[in-house]
Amino acid sequence: MNRTLIIGGILSALMLVAALASFVWTPFDHSAMNIPERLQTPNGTHWFGTDHFGRDLFSMIMVGARTSIAVACVAVGIGIGLGVPLGLWAAARQGGWVDEVIMRGNDLIFAFPSLVIAILITAIFGAGAINAIIAIGIFNIPVFARVTRGGALPLWAREFILAARVAGKGAARISVEHILPNIANLLIVQATIQFSLGILAEAALSYVGLGAQPPTPSWGRMLADAQTLVSIAPHMALVPGFAIILTVLGLNLLGDGLRDALDPKLRVTRV
Amino acid sequence: MLRYTFKRLLSLIVSLAIASLVIFAVIEVAPGDPASFMLGINAAEDTLAALRAELGLDQPKWQRYLAWVGGMMQGDFGTSYQYRTPVSEMIADRLWVSLPLALYALTLSTLIAFPAGIYAASRRGKAGDVSVMGATQIGVAIPNFWFAMILVLIFAINLRWFSAGGFTGWDEGVWAAMKSLTLPAIALALPQAAILARVMRSALLDVLDEDFMRTARAKGLSRAQALRRHGLRNAMIPVLTILGLQFSFLLAGGIIIEQVFYLPGLGRLIFQSISARDLIVVESVTMLLVFAVITVNFLVDLAYAAVDPRLRART
């Protein structure tokens, strides 16, 4: 166990716990307005203070974590669900036209400015969490396809794959039974990183009003609310900002830590 | 080299063609008729039909696609539904904000990242390396629009060194214009610098293990000399790739920062056009951005192939 992994794990776990706990308990109702107590700075009753409607920021952060996790989770799921099979397929047909088409298609998606397309999709098909998920998810597909193909190619040259072929297994079966388990660690690390990018993207989309819609709380929208009030209530911007930064930081550290822990080769060269 | 260039050029053209089709298709399926959007809900049917004819919306889809692509090749990006001005003029106006902003941010990011990455690599595993890398981890995690808000809070609201938003325009003098782009550029540059510094460090670390670095040390160069003369040059390939990618990201990625600072750039143009259903503008600006990304990547690829003959054989 290394330090990176532990710190990353703790930060990520904190966010997960906050999100899960919010289903059964929050200090206050996250949507209850309480105008007399508005714009309070963090104190004993309202741990993270209150916003311009007197809503409790701590409760909003907890419920907002749900939105972030849900969006990032499904977006990563789309990336894995479509990208990994494509990557496996491309690797199995290395050098063939299937490989060429898949990889050029990947390059093409990479060439689109992701944020612009995400904004386009959400603007055209309506703002909302679902469209935000799709917009973020599309750009995860080429990432996973590339990582999968990159990890699978050297494996195809190995003896145990040859043995499987001699045993009469087809390319699809070899990909699932032998290649996939051997690149699982690569995929886990990449999933952690894409997860953190998904959280950043969701926050950005919500910030410009194209992500989760009210009354669903989201960290990005909390920041948008804070913008006009930043001079009189800076805590409204600081609290969701720190929530995003600590979560993304935690996931990135977790990814790095996992990479070191799962790949003994890297551990040596890193020193 | 010629063969390689030709092959890459062909794939560039195919990519652009597919990209234009995708963009056109996405815009086509968008709900909402620009004509009825412009005239309001009470417009008479024949007025609507006349406007549709004027905008060319009554023509078959493939004809409109060809007209759009053909026009762009001649520098004609169509006419805005909303303002009735040529889109190319609107883009040109906005580019004068977005392009300098992207270049400014890229310069800042490079100025921060190169020294930080080199320093970290030269202190590998020591306290200096660990703290620089820790700082980059945090830098990567900071959403740039949040950072922008904090910069406004500190430098515009509290210290009053900069204005909180808006753009003076280049007519007011280069100094004033650059000043109004400074906070946005910093907000854009910092997270990018964090990524670039990490790439710089790991590229250098890869090179430091090479035999030629040991030879350089053996022939009497100091660590710093060897790093500067032999290490940096060889580490530049991955760094340049990321720089190319970052430039195109900054051009398009300013979209949210431009919202924070109310800058009249390309990002804001897209935003305003989307909400006004001015789809021809959205279409053309998106295509322009994709064109920029694909072309920058193409040029970066060519530059490598020119420098490193091994890369030509690979594709």
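Helices (H or I, at least four residues) and strands (E, at least two) are DSSP runs, numbered from the N terminus. In chain A of this predicted model, the elements run α-α-α-α-α-α-α-α-α-α-α from the N terminus on. That gives chain A 11 helices and 0 strands. The C-alpha trace of chain A spans about 75 × 45 × 35 Å along its principal axes.

Chain A meets chain B through 38 residues of chain A and 39 residues of chain B, where contact means heavy atoms within 4.5 Å. The buried area, which is the accessible area (1.4 Å probe) that two parts lose on being put together, summed over both, is about 3300 Å². Carbon and sulfur atoms give 83% of this area. The interface has 1 salt bridge, meaning a side-chain nitrogen of Lys or Arg within 4 Å of a carboxyl oxygen of Asp or Glu. B:R198 forms a salt bridge with A:D256, and their closest N and O atoms are 3.4 Å apart.

Within chain B, helix α7 (residues 144-158) packs against helix α8 (residues 174-208) at an angle of about 140°, with the axes 9 Å apart. Axes are lines fitted to C-alpha atoms, for helices over the stretch in contact, and angles run from 0 to 180 degrees between N-to-C directions. Residues making this contact include B:F147 and B:L151 of α7(B) and B:I186 and B:P191 of α8(B).

Residues are numbered from 1 along each chain as its sequence is written, and chains are lettered from A in the order in which they are written. Local features need pLDDT of at least 70, side-chain atom pairs count only at pLDDT 80 or more, and totals for chains, interfaces and linings use all residues, while side-chain values use heavy atoms, with hydrogens and water left out.
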